[in-house]
Amino acid sequence: MLDDLDRRLVAALQKNNRLSFAELADLVGSSAASCMRRVNKLRADGVIIADISLVDPKALGKSLTVVLTVELDRERLDLVDDFKRAMRAAKEVTQCYMVTGDADFVLIVAVEDVEAFDVFVKTKLYTNPNVRKFRSMITLDRVKFEPRVLV
């Protein structure tokens with residue numbers, strides 16, 4: 001369980017994980033040594049799972065983002081695992097969630113253009129015999145992008 005200082009540390013690091021421990025200490029009202037110990041423990045305990053840089057897909061030529069819902073034909077564990085494996089391996093899939101409701105999975109796909117999306121659909125979805133159907137929604141505007149957990 002995180003205490004108040006841990007929560008403040010996590011919140012600060014989610015905004016900017018390049019802060020020095022001295023800068024972090026100033027932000028959260030603690031000492032640099034305490035911040036270092038706590039952040040290292042948060043990493044060791046798996047609370048902080050990665051330190052990454054978020055990149056604008058458009059800067060890499062991925063100007064089309066598509067949200068897809070996917071329904072599987074059969075929900076046998078081995079077939080679900082096969083689908084998960086395939087989506088983890090698909091470079092176009094930036095996020096994949098197994099969900100409840102009408103769909104089995106929700107995918108976020110980033111590609112160069114409609115032609116690249118067509119290739120993705122033909123090679124990753126149409127060729128999978130366990131995909132019953134899918135629906136795609138092309139995004140028009142990214143209104144909010146905050147891959148942070150509120151603490």
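Two strands count as paired if DSSP finds at least two bridges between them. In this predicted model, strand 2 (residues 93-98) and strand 3 are joined by 5 bridges and run antiparallel. Within this pair, Gln95 stands opposite Ile108 of strand 3. The hairpin of strand 2 and strand 3 has 6 residues between the strands, and Gly101 takes a positive phi near 105° there.

Strand 3 also pairs with strand 1. The two run in the antiparallel sense, over 7 bridges. Here Thr69 lies opposite Val106 of strand 3. Strand 3 is mostly covered, with 6 of its 7 residues buried.

The largest nonpolar core holds 20 residues. Leu68, Phe83, Leu107, Val109, Phe117 and Phe120 touch the most other members. At least two residues of this core come from each of strand 1 (64-72), helix 4 (77-89), strand 3 (105-111) and helix 5 (114-125). In soluble globular proteins, nonpolar side chains tend to be buried together. Phe117 illustrates the contacts made across the sequence. Beyond its neighbours within four places, Phe117 is in contact with Leu64, Val66, Leu68, Val109, Val111 and Ser136.

A second, separate core has 12 residues, including Leu9, Ala12, Cys35 and Val39. Cys35 has a relative accessible area of 0% and is therefore buried, the cut-off being under 20%. Cys96 has a relative accessible area of 31%, so Cys96 is partly exposed. A search of the whole structure finds 0 disulfides.

Notes:
Residues are numbered from 1 along each chain as its sequence is written. This is a predicted model: local features need pLDDT of at least 70, side-chain atom pairs count only at pLDDT 80 or more; totals for chains, interfaces and linings use all residues. Side-chain values use heavy atoms; hydrogens and water are left out. A nonpolar core is a set of buried Ala, Val, Leu, Ile, Met, Phe, Trp, Tyr and Cys residues joined through side-chain atoms within 4.5 Å. Buried means under 20% relative accessible area, exposed over 50%, partly exposed in between (1.4 Å probe, protein chains only). Helices (H or I, at least four residues) and strands (E, at least two) are DSSP runs, numbered from the N terminus. Contact means heavy atoms within 4.5 Å. A disulfide is a pair of cysteine sulfur atoms within 2.5 Å.
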